[in-house]
Amino acid sequence: PLVFQGDHGKVAFRNIRYRPLGTSTASKNNVGPGAIVVKPDDKPYLLRSFMMFGDKKLDYIISMGAPQGLNYSYDLRQGAWLQVWRGGFMDATDMWHNRGESQLARPLGSVVPFTDTPTVAQLSDTNMAWPDSLAFDDLHNDGYILDKNGVPTFKYAAKGTKVSDRISPSSDGSGFNRTLTTKNPSGNLYCRVISANKIELVDKGLYRVDGTYYVRMDKNIEPLIRPNGQGQEMLV
C-alpha cells in the first residue's frame, strides 16, 4: 500500500491521482495462505531487502530476478556475489505483510551459496589470506546503472580502485556471465572468483566446483587456485 501520514498537525490532501506503470513492473501474487510472491514480468526485477546468509542477517542486499528464471543476490556493502538460484524469484511476505518488521526476503528455489566476502582485495603476496570483509570506510558504493534490458552493473570504489561489476543471465538461460572492470587498480589487486571445497579443471578455462556447478573463465586468463581454510579458492 501507499500510505500518507498526517498525524503531526492539520494536513489536507487534494487532487490525488494514480496510473499503472506499464507491463515492465513485477507482479505480486498471493500464493498460499498469506504468502506474497514477487515474480518478474518482461524485464529483470530488482529487490532491496535484508536477507539471511547462513546464520548472518545481511542488510545491504539487492536481488535480481530475471524473466527466464535465473536469480541472484548481491551484497552492496562488500561488493560480493552472494548466491544464485533457478526458478521462482522471491517470497516477500516478511517484508510486506502487515508491518514487515523482519524485512527479510526469501529466495524461492534451491540456492547455490557463494560468499559474503569482498570480490576484490589487495594482497601483499599470493600467500596472504583473503580478507573476511572490507571496513565501512574502505568501500564507497556508487549504486548501479541499468542497460536497455534492465540488467544492472554495480559500481563502487574499494580503497581507491573503481570497480564495475556486471552479472547478466546468459542468452541461452544456462547460467550467468560476469564481467568485472577496474579503473586505477593497484599492482597487487586480486579478484576472488570463487571459494569452495573443491575446484577441478575439466577443460581449458572450464572448472567444476564442488561437483555441482561450473565456472568458465576467459581462456586468456590463467587463474591461481590455492588452498584456504575452507578448501580451495580461485584468484585472478
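Which strand holds the place of K183? K183 sits in strand β14, which covers residues 176-183. This is a predicted model. Its protein chain has one helix and 20 strands.

**Whole chain**
- The C-alpha trace spans about 65 × 35 × 35 Å along its principal axes.
- Of the 236 residues in the protein chain, 39% are buried.
- Take the contacts in the chain with a separation of 6 or more: residues 24 or more positions apart account for 45% of them.

**Surface and charge**
- The protein chain exposes about 14300 Å². Carbon and sulfur atoms supply 50% of that area.
- There are 28 positive and 24 negative side chains. The centres of these two sets lie 7 Å apart.

**Nonpolar cores**
- The largest nonpolar core has 28 residues. Y72, Y74, V120, Y156 and I194 have the most contacts inside it.
- Eight strands are named as suppliers of at least two residues each: β4 (56-65), β5 (70-75), β6 (80-86), β12 (152-158), β13 (161-169), β15 (189-196), β17 (206-209) and β18 (213-216).
- The largest share of this core comes from β15, with four residues.
- A second core is separate and has 14 residues. Among them are L47, M90, A92 and A105.

**Contacts of I194**
- What does I194 touch, leaving aside its neighbours within four places in sequence? Its contacts are F114, I199, V209, Y213, Q232, E233 and M234.
- Two of these partners, I199 and V209, also pair with each other as a bridge.

- Strand β16 (residues 199-203) pairs with β17 in the antiparallel sense. The pairing runs over four bridges.
- I199 has V209 of β17 as its bridge partner.
- Two residues lie between the strands of this hairpin. G205 takes a positive phi near 80° there.

**K183**
- Is K183 buried or exposed? K183 counts as exposed because its relative accessibility is 55%, and the cut-off for exposed is over 50%.
- Setting aside residues up to four places away in sequence, K183 touches T161 and K162.
- K183 and I225 are 42 residues apart along the chain. Their C-alpha atoms are separated by 24 Å.

How values were computed:
Residues are numbered from 1 along each chain as its sequence is written. This is a predicted model: local features need pLDDT of at least 70, side-chain atom pairs count only at pLDDT 80 or more; totals for chains, interfaces and linings use all residues. Side-chain values use heavy atoms; hydrogens and water are left out. A nonpolar core is a set of buried Ala, Val, Leu, Ile, Met, Phe, Trp, Tyr and Cys residues joined through side-chain atoms within 4.5 Å. Buried means under 20% relative accessible area, exposed over 50%, partly exposed in between (1.4 Å probe, protein chains only). Contact means heavy atoms within 4.5 Å. Accessible areas come from the Shrake-Rupley method with a 1.4 Å probe; for residues, only the protein chains shown count as cover. Lys and Arg count as positive and Asp and Glu as negative; His and the chain ends are not counted. The place of a charge is taken as NZ of Lys, CZ of Arg, CG of Asp or CD of Glu. Two strands pair if DSSP finds at least two bridges between them.
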